Amino acid sequence: AVVSTQSTGELKRGFVASSTNNDPAKETVNFEAQVIVMNHPGKIFAGYTPVLDCHTAHIACKFSEIKSKIDKRSGKVLEQSPAFLQTGDASLSILTPTKPMVVETFKEYAPLGRFAVRDMKQTVAVGVVKTVTKAKGESSGGITKRK
């Protein structure tokens, strides 16, 4: 439900509605995520910029840093700062959205904390958000339009 004077016609795909008083949604600067590569034909290096499908948003996000390769089940670190990832690997990576985007940690808000990585018209990886760096400043409250 939209609890505002804004018309629902101004809401578009990817917008996130939240309470302005209780933990308002803020733009994400970058986020750390656990990413599992399921089906990528090549290698994923830092700088790779696929499209992330998170909630209803489809936004390109850059793998700014691949922090570590981890065991899928235990989460134990297998290798620090690996050069690349390939099919079957799991990692902790820093991702940076190329456009304004809202994500939250999976633990706090599960729907905003999981995503699919899509490239070449297929899902190449999936992930969950571990930590989020949000934009500084007050939340604008209401709808903000960005071109």
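Here is a walk through this protein chain, from its overall make-up down to a couple of residues.

Keep in mind that this is a predicted model, where local features need pLDDT of at least 70, side-chain atom pairs count only at pLDDT 80 or more, and totals for chains, interfaces and linings use all residues. Residues are numbered from 1 along each chain as its sequence is written, and side-chain values use heavy atoms, with hydrogens and water left out.

Let's start with the big picture. The protein chain has 0 helices and 7 strands, so reading along the sequence gives you β-β-β-β-β-β-β. Those labels are DSSP runs numbered from the N terminus: helices are H or I with at least four residues, and strands are E with at least two. A contact here means heavy atoms within 4.5 Å. Among contacts between residues at least 6 apart in sequence, 68% join residues at least 24 apart.

Now find strand S3, residues 57-70. Strands pair if DSSP finds at least two bridges between them. S3 runs antiparallel to S2 (residues 51-54), with 4 bridges joining them. S2 and S3 form a hairpin with 2 residues between them, and His55 in that turn has a positive phi of about 45°.

Cys61 has Pro97 in S5 as its bridge partner.

What about the inside? A nonpolar core is a set of buried Ala, Val, Leu, Ile, Met, Phe, Trp, Tyr and Cys residues joined through side-chain atoms within 4.5 Å. The largest one has 22 residues, and Phe31, Val35, Leu52, Leu95 and Phe115 touch the most other members. S1 (28-37), S2, S3, S6 (114-119) and S7 (122-134) each supply at least two residues of this core, and S3 gives the most, with 5 residues. Click on Leu52: leaving aside residues up to four places away in sequence, Leu52 touches residues including Phe31, Ile59, Cys61, Leu95 and Phe115.

Finally, take a look at Lys69, which sits in strand S3. Is Lys69 buried or exposed? Lys69 counts as buried because its relative accessibility is 15%. Lys69 stands opposite Glu79 in S4. Not counting residues up to four places away in sequence, the residues Lys69 touches include Val77, Glu79, Phe84, Leu85 and Asp89. The side chains of Lys69 and Asp89 are joined by a polar contact of 3.4 Å. That term covers a pair of N or O atoms within 3.5 Å; within protein, one must be able to donate a hydrogen and the other to accept it, and residues adjacent in sequence count only if both atoms are side-chain atoms.

Definitions and conventions:
Buried means under 20% relative accessible area, exposed over 50%, partly exposed in between (1.4 Å probe, protein chains only).
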